[in-house]
Amino acid sequence: MGNCCAYLGPQKNTYVRISLPAVCFVWQIAMIVLFGVFIRYDEESDTHWVEHKRTHNITSDIENDFYFRYPSFQDVHVMIFVGFGFLMTFLKRYSFGGVGFNFLIAAFGLQWALVMQGWFHHLDHDTGKIYIGIESLINADFCCAGSLIAYGALLGKVSPVQLMVVTLFGVTLFAVEEYIILTLLHCRDSGGSMVIHAFGGYYGLAISWVLYRPNLHQSKQLIGSVYHSDVFAMIGTLFLWMFWPSFNSAITDHGDGQHRTAINTYLALASSVLTTVALSSLSQKKGKLDMVHIQNATLAGGVAMGTCAEFMVTPYGSLIIGFCCGIISTFGYLFITPCLEKYLKLQDTCGIHNLHAMPGMLGGFVGAIVAAAASESVYGKEGLINTFDFVGDYATRGVGTQGGYQAAGTCVAIAFGLVGGAIVGFILKMPIWGDPADDNCYDDEVYWEVPEDEETIPPVLEYNNHMIHKHQDIAESNFSVEQS
Amino acid sequence: MGNCCAYLGPQKNTYVRISLPAVCFVWQIAMIVLFGVFIRYDEESDTHWVEHKRTHNITSDIENDFYFRYPSFQDVHVMIFVGFGFLMTFLKRYSFGGVGFNFLIAAFGLQWALVMQGWFHHLDHDTGKIYIGIESLINADFCCAGSLIAYGALLGKVSPVQLMVVTLFGVTLFAVEEYIILTLLHCRDSGGSMVIHAFGGYYGLAISWVLYRPNLHQSKQLIGSVYHSDVFAMIGTLFLWMFWPSFNSAITDHGDGQHRTAINTYLALASSVLTTVALSSLSQKKGKLDMVHIQNATLAGGVAMGTCAEFMVTPYGSLIIGFCCGIISTFGYLFITPCLEKYLKLQDTCGIHNLHAMPGMLGGFVGAIVAAAASESVYGKEGLINTFDFVGDYATRGVGTQGGYQAAGTCVAIAFGLVGGAIVGFILKMPIWGDPADDNCYDDEVYWEVPEDEETIPPVLEYNNHMIHKHQDIAESNFSVEQS
Amino acid sequence: MGNCCAYLGPQKNTYVRISLPAVCFVWQIAMIVLFGVFIRYDEESDTHWVEHKRTHNITSDIENDFYFRYPSFQDVHVMIFVGFGFLMTFLKRYSFGGVGFNFLIAAFGLQWALVMQGWFHHLDHDTGKIYIGIESLINADFCCAGSLIAYGALLGKVSPVQLMVVTLFGVTLFAVEEYIILTLLHCRDSGGSMVIHAFGGYYGLAISWVLYRPNLHQSKQLIGSVYHSDVFAMIGTLFLWMFWPSFNSAITDHGDGQHRTAINTYLALASSVLTTVALSSLSQKKGKLDMVHIQNATLAGGVAMGTCAEFMVTPYGSLIIGFCCGIISTFGYLFITPCLEKYLKLQDTCGIHNLHAMPGMLGGFVGAIVAAAASESVYGKEGLINTFDFVGDYATRGVGTQGGYQAAGTCVAIAFGLVGGAIVGFILKMPIWGDPADDNCYDDEVYWEVPEDEETIPPVLEYNNHMIHKHQDIAESNFSVEQS
């Protein structure tokens, strides 16, 4: 496959033998230096925990935050590497790039995220150190997610070096917007509808818009999937779908916070599946289902619950949100993505606009509404304070105000995504990054040693034998054809 | 593949463009309404938890049931969606339907299960509400499992609309039989040998028996697997196998109950693998292993431990149960399934009789025996009471009586499966459901947009090029053949 | 594929219809007997837990070790069965054997491990019983890992019966060396750099060295991968990579021990990915990445952290270790494996020397250095005692001495691997085990019922039809070619 289209047309220079190793080595060494200067264990992961326990009257090791968060962390970890990675294996000849580059940039991004988020959120100004624990690792994975979402729009059209740049800036922008939204505006966004999905989605779309390829049709024979690549993609879809309750609840409050968030997300996701199937079938002349919708739109409910899942949104409220997002996201795949390409000159390989950008934005505004509608009668006095963290400087903030700030936060996330993405896009236009030519996009041959599928040759021999022994008739016709 | 056999014979009307969306939309809206009326958060997932904690002298958030059950819940969730889903991808051209429809009906089933199980088990008669928490989600997943098992017998022969009907009734019947068995008969069945596997198995078999297709042989070219579809199925097998200890222990008693259940299930499963391999090899003239056995019979130990795993069945007892079930289940695949089809006119695509129905029934009776054999000397006074929940009205029930009730429960489960399945089967015989004709069963083309595997064309070109440059000799012979 | 090469050359007797079932049945029955005699539930998984709690003033069930270790156990379980299993599916026609035999030997190995490790570590000399709990299951999985690693060197060249023998001796040797290293030498090795990876690696290499096949090139057409088999292998890689923090932290001290170990492993693994990618790209003329490196060398950081991850190695220290091991491991795949085959006559199918043996050995020595460098100022008085378990007879042992013992432990592990492997290798040379001939290694046809991939035939028909209707031109050229 790759081979043959490697012959068409002139090649751009996709030689990354210098640039890719250089970027990986230099940036990894930089990480080591930064970690050496800044990163230390927090008191719960340090051997002084035994004294910490005594001084804080903690009776049991089970009170260590590790046991509250580690199972959720591992689920999130699976979503980042298997979920996002395999969701992007759907292309017939870009599965290596989908799962492999996802692996590379996530592994870099989480290190850079620990430093960036640390500077903004956990820097101890006395010691000048950043103290990390299990929650930091979860946040680092979240931070990568923003850049992985962006990768979805660029899949098959960029070089690994460009992806490293996308991640470097993506993580940086993420840390800043997150600081503004969560700290300055004091928004709640445990599952990141705003900070992760809206930001990541618009970040990727803006980059893809700047990198528009007018002649991408030259690779059109590689844009589709094959039967088994669609099954591989379902691995990604299902692990994302199953573990999304952990994603949204991973860093919410201990106890009822994590408990409620998981329930709400679970329900919204279930509801998305039915409306996605319904719309996918409706949209097709023969009522057949489209794997693209099943692989993606079924997840929209989880994205949209990112902000409000920890609130008292009620179980039926969660179902309603999932219901709507399944429809909206599938609708996006059917109509918006083609329009974006046609009118906005925006090529969005995985349709992240429909799965992340739009549902994320909606989730942000839904969160604002739910926050504004919160009341002591529903939450209880202490419950309201805990849920929205109305303590310290914010003790006097009302739910209405909170709702306003939540809405503002959503806008900040989108703005950061669009502006940051545009800038990064122009950086990536420089001719030094080894990106593929229009006629060999979506092709692993460009950056990977791809095995020759000899497997497919012997059957042809077999087939010829078959012809001799079994299908003499077919052989005849077949032969006569070739004679004619 | 699909294409070519789509030409054979006349087509039934498999048009689901109206019915499938209608069912999905209407039922999802019904769920929203029912949730709005009945479903609320329980006190552990509600923001009032903070007061609840104080009033109940709970010292730490870690005491929230969420932390006892969430890791097991996520494992169960993986079994339902990836385990069952991928186990059904083994067919060469029905992988989309296997994993995709499993996804659809589980997502619907768990919502309906929360309502139905809630009505029977958790309805607060003062408020008229159902209060849900993490344990409810686990039970909802369990409840789906019954219908997913039934799907195994119907795989490739029914339409998605029919599957939704199977799930609607399956979940309803499940909730009723579960109420009778666990509440009225006060049986113990934490892993659901009776309520999940025996019921689900016989439910599916009864449906399949009613829907017998005399001319199914017309699709025989699609019944088998291909190399990679068997590897996909191993993903399902392994996740089911690995997480079965979580499945059986997910809702057992805190502490020793979950601990012991996990150990027993782990051991029984390990033992099943060896006897399955042994019998699979023995049964084959050349001693070769059959993937069908490895994919399915290795799991029989987990099914059979569903009831007794929480009892003091002893580690070696678990090994013995696994030992026997590996043999029985493999034996079933070798001899019983063919007989069922030949003499009972029962077509069981995945052999659920061997993996679920029979081991489930056995598990129920083994549970009865183990219960009847329980003694204070082994369990300890309190241990015995805790394990069998001999409190309240049941404080005076003896272990012998308990054993009797356990056996009765098994029969109830089977009866519900057979009768309910037969009724549902007749409902599904109505010609309105869009099921496929005998000659295009097991074919994703019917309900899915299937990509054309162009991938397989270029190698032929390559092959021809190979012929020119490399295999001139082959080319010659090959050519002369076509000449002859 | 298999078919055609099944015709080449003379066959060895690969008939395992007697031996394989015999081994499985006899050994499983032996396990049942041994479990009956020795294995019992420990007090945390026994129904007497309720009394145990009272007598030990344990206030809550959440203090049961189950809740400290079960999530990590399940992650380890996934690594053993899906991780190792799918990592070995990369060969184009040995995926069944890779994942299937891994499944078989792990299921046997963990039972045998519970007995062997029990004898050495948990035998109660008053009652003569072995009491097992969740930690025993984790250790049993670890113990299997040694033999599964060895399988990596033998992949495709041995029979399932030989693998059972490899596992029987592997688990036995493991239990002995583990006893010497952890108990007699009182080393710390929570993640098993020494006892699992160094031992398992050298054990497999020694066996493979004894079983050298001079004419293995006769199977060379099957040694490579195909596109989708490489994607399957990535499933194994990613689950190993993601869950490695659980692997290393599964049996470390409650609280800070598990917490710190997870963080360190997470960081080392991330760092390995970047250096692996860098070196893989550098090593290739066109800078393309090699899937073999991405699938394996990215994991080297986790292996090397097996010993020191629980120490205060510092976050940047972890990054440095991962950095080096990614380079060393990739370097091994590029240069050492070919040399081993050429000069040492050692055929290492999966390159376990580079992924396990070498990084494991390094991890052992790094652990020794880190231990020797430990100080009260860093660890705190109690922290130092807890971390190195300086209690009882070891209360007076200094960190320097500890470092020496750690280094000695590494040598013991390697010695056991090499000597034990050589002996087992000679046992396996007996002509009774049904191993494949040189010309049908790496072929599932030998031990599995492999479906014929008819899937690949119809496209050829289609293709011919295409030629008639669409690609007349291609047909022409194509035909003329065949004329020439």
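A salt bridge is counted here when a side-chain nitrogen of Lys or Arg lies within 4 Å of a carboxyl oxygen of Asp or Glu, and by that rule Asp65(A), Arg69(A) and Glu135(A) are linked in a network of salt bridges. The model is predicted, with local features requiring pLDDT of at least 70 and side-chain atom pairs pLDDT 80 or more, whereas totals for chains, interfaces and linings use all residues. Residues are numbered from 1 along each chain as its sequence is written, chains are lettered from A and ligands numbered from 1 in the order in which they are written, and side-chain values use heavy atoms, without hydrogens and water.

Between chain A and chain C, the contact (heavy atoms within 4.5 Å) takes 89 residues from chain A and 92 residues from chain C. The rule finds one salt bridge across this interface, in which Arg54(A) pairs with Glu382(C), the closest N and O atoms being 2.7 Å apart.

Over all chains, the whole structure holds 27 salt bridges. One of them joins the side chains of Arg188(A) and Asp253(A), at 3.6 Å from N to O. Arg188(A) counts as buried at 14% relative accessibility, while Asp253(A) is partly exposed at 29% (buried means under 20% relative accessible area, exposed over 50%, and partly exposed in between, with a 1.4 Å probe and protein chains only).

In chain C, the side chains of Arg188(C) and Glu310(C) meet in a salt bridge of 3.1 Å, N to O. Arg188(C) sits in the loop between α7 (160–184) and α8, and Glu310(C) in the loop between α12 (300–304) and α13 (315–343), so the pair ties together parts that are 122 residues apart in sequence; helices (H or I, at least four residues) and strands (E, at least two) are DSSP runs, numbered from the N terminus. Both Arg188(C) and Glu310(C) are buried.

Helix α8 of chain C, residues 193–210, contains Gly200(C), which is buried with a relative accessible area of 0%. Leaving aside residues up to four places away in sequence, Gly200(C) touches Gly146(C), Ile149(C), Ala150(C) and Ile352(C).
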